Amino acid sequence: MEPIKESGYTREYPYEEISEQNNFKSLKKRKNKFIVGISIFFLTAYLALPILTSYTTILNTPVIGDISLVWIYSFLLFIMTWTLCMIYVKKANGFDKEAEKIKEDAVGEVTR
Amino acid sequence: MSGVGIFFFVAIVGLTLYVTYLASKRTNSASEFYTAGGGLTGWQNGIAIAGDYLSAASFLGIAGAIALFGFDGFFFSIGYLVAYLVVLYIVAEPLRNLGRYTLADMIAARFNQKKVRGAAAVSTITIVLFYMIAQLVGAGALIQLLLGIDYWIAVLIVGTMMTIYVLFGGMAATSWVQIIKAVLLMVGTVVISFLVLWKFNFNILGMFSEMKTATAHGEAYLHPGVRYTNGIDTISMMIALVLGTAGLPHILMRFFTVKDAKTARSSVVYATWIVGIFYILTIFLGFGAAAFVGSEQIVAANAAGNMAAPLLAEALGGDLLLSFVSAVAFATILAVVAGLVLSGASAFAHDLYGQIIKKGKVTEKEQMIAARSASIAVSVISIILALGAQNMNVAFLVSLAFCIAASANLPVIIYTIYWKRFSTTGALAAIVTGLVTALILVILSPNLWAADGSMLFTGEPLFPLTNPALVSVPAGFLGGWIGTLVGQRADLKKYAEVDVKATIGLK
């Protein structure tokens with residue numbers, strides 16, 4: 001099957017070579033470790049909420065006045081979302097710099 | 001309807017049409033049409049993403065659910081918000097790096113075969129249609145209540161408006177309608193929340209204490225379990241919410257509307273703050289409606305609780321605030337359905353017509369004609385379906401859309417990016433298994449079956465869960481895995497390309 005060619009869209013780079021480069025492998029490994037680790041963390045924290053509310057009454061415990069643990073837990077999930085969102089942006093901007101370097105090398109090779 | 005009310009409606013309709021007029025002058029290429037030429041700035045796209053999240057279901061639905069069921073209603077706010085992280089961490093960036101306009105683009109970047117692209121486009125169109133019917137049926141019922149006009153006229157008005165925005169202004173107009181609506185919605189929500197807090201003397205602790213006695217549920221109102229008593233069903237629903245949002249086509253499309261990954265990320269930061277604050281405020285909307293309107297009056301106006309927020313606005317701010325909130329609710333519906341039309345049209349015109357039928361050999365002009373024709377087709381089909389679906393349960397349609405998005409789209413997205421051995425057969429199997437399992441299980445579920453005849457069919461449901469995500473999402477993953485085992489070996493050279501593109505954004 002013919003690959004889709006559209007102007008300015010598909011260009012040929014030595015993808016296999018890049019994927020074997022050490023700097024690419026190292027970037028990918030760290031990126032995946034970060035993404036998988038954090039994803040497991042927030043999905044666990046999130047799914048713990050319906051599991052705890054469905055099978056225990058522990059979250060009904062009052063914490064501040066009549067505000068019970070379930071509201072506090074939910075609020076912490078909000079804080080978690082904001083925090084992880086900003087952590088992602090910071091981390092991804094850092095990865096960008098390394099990606100830029102790999103890209104420049106690759107583009108340089110093609111145009112040479 | 002009062003003069004003030006008419007003023008707000010005319011002002012909002014006028015403003016959105018003016019924006020569409022401005023956008024129409026620029027919208028003359030496929031890239032302008034589908035992605036506003038990638039020209040939105042971080043904050044513009046951020047507010048627009050927030051707008052896509054803050055649908056009528058969020059504003060009216062969650063406020064109503066919290067008013068009637070206390071904490072159980074708040075589950076939705078949590079689910080939609082955390083879903084953001086799934087979008088950001090797992091989906092957004094590879095999607096941007098590999099795709100151009102649609103989800104099918106991304107999957108076809110690795111499996112460039114007609115049937116895979118076709119399957120991805122069909123699942124997109126299925127999700128869009130169910131979600132759209134739900135929005136239109138809800139919109140029709142709501143506008144009927146707010147303005148006192150007939151259901152079919154209400155659907156036609158909304159349908160015509162959404163077609164105009166998309167047809168003439170494409171993504172630029174749709175985004176600006178979304179931005180206007182998001183700002184108005186935030187203003188309305190902040191004002192109502194402020195008034196609710198004022199009524200509680202700005203004492204949040206006191207508010208919680210008063211809520212213990214304010215409703216018929218008593219103290220249980222503040223605890224989970226008022227509405228969702230089946231643990232497995234609750235967990236299944238939460239899975240659909242958190243994973244389904246990341247597969248909704250109109251949300252995914254937003255990541256193509258900015259120039260680079262950095263801008264895409266900054267737009268997500270804006271959106272997360274806006275959406276998070278909004279969802280916190282839903283507590284005040286819900287509690288306020290329960291305390292100052294009362295569940296009897298809310299249910300009398302609409303059994304699902306959708307009128308809680310407008311009724312609260314009336315109770316606190318009289319006709320002026322009611323009119324404002326009604327107009328904002330109207331704008332909310334318009335903006336979301338316009339985004340849906342656009343994503344449905346892109347699957348039809350770009351994937352099915354442009355890439356499959358014409359094999360990518362289409363001129364700019366042909367692409368525009370196809371995109372506009374597809375927008376009209378998607379609009380007309382959904383208007384007709386919505387007119388016939390007046391008495392359908394909206395919640396069922398929404399849960400179906402989320403379930404398909406989570407089951408048919410998410411497994412194939414994750415495998416495509418992260419699994420080296422994933423093959424063409426696997427991709428096809430993942431989409432088809434997820435889609436079919438979700439559809440069949442919903443058809444057999446308590447959404448359609450009840451022994452007492454209260455649902456469409458009379459009899460015991462064959463599948464016990466209202467929301468089948470707990471079964472259908474793993475089914476999608478399993479389908480992709482088995483398909484990969486039995487089918488041809490994966491093209492490792494192609495994976496190297498996808499891997500490099502997805503990881504460092506090389507295009």
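Two residues are in contact here if their C-beta atoms, placed from the backbone, lie within 7 Å. By that rule, 50 residues of chain A touch 46 residues of chain B. The model is predicted.

Start with the side of chain A that touches chain B. Four elements of chain A each supply at least two residues to it: α1 (15-20), α2 (22-55), β2 (67-68) and α3 (69-111). The largest share, 18 residues, comes from α3(A). By class, this side of chain A holds 33 nonpolar, 10 polar and 7 charged residues.

Now move into chain B. Helix α4 covers residues 56-69 of chain B. At 1.5 Å a residue, its 14 residues should span 20 Å; the end C-alpha atoms lie 18 Å apart, which agrees. The helix α4(B) is mostly covered, with 14 of its 14 residues buried. Just after α4(B) comes Gly70(B), with a positive phi of about 60°.

Next comes a helix pair. Two packed helices are described by the angle between their axes and the distance between the axes. In chain B, α5 (residues 71-98) packs with α12 (residues 261-292) at an angle of about 175°, and their axes are 9 Å apart. Angles over 145 degrees count as roughly antiparallel, so α5(B) and α12(B) are roughly antiparallel to each other.

Which residues meet between these helices? From α5(B) they include Gly73(B), Phe74(B), Tyr84(B) and Arg96(B). From α12(B) they include Ala261(B), Val268(B), Tyr279(B) and Gly286(B). The contact of α5(B) with α12(B) has 12 nonpolar, 6 polar and 2 charged residues.

Definitions and conventions
Residues are numbered from 1 along each chain as its sequence is written. Chains are lettered from A and ligands numbered from 1 in the order in which they are written. This is a predicted model: local features need pLDDT of at least 70, side-chain atom pairs count only at pLDDT 80 or more; totals for chains, interfaces and linings use all residues. Ala, Val, Leu, Ile, Met, Phe, Trp, Tyr, Cys and Pro count as nonpolar, Asp, Glu, Lys and Arg as charged, and the others, Gly among them, as polar. Axes are lines fitted to C-alpha atoms, for helices over the stretch in contact, and angles run from 0 to 180 degrees between N-to-C directions. Angles under 35 degrees count as roughly parallel, over 145 as roughly antiparallel, 65 to 115 as roughly perpendicular and the rest as oblique. The expected span of a helix is 1.5 Å times one less than its number of residues. A residue is buried if 20 or more other C-beta atoms lie within 10 Å of its own, exposed if 12 or fewer, and partly exposed in between; C-beta atoms are placed from the backbone.
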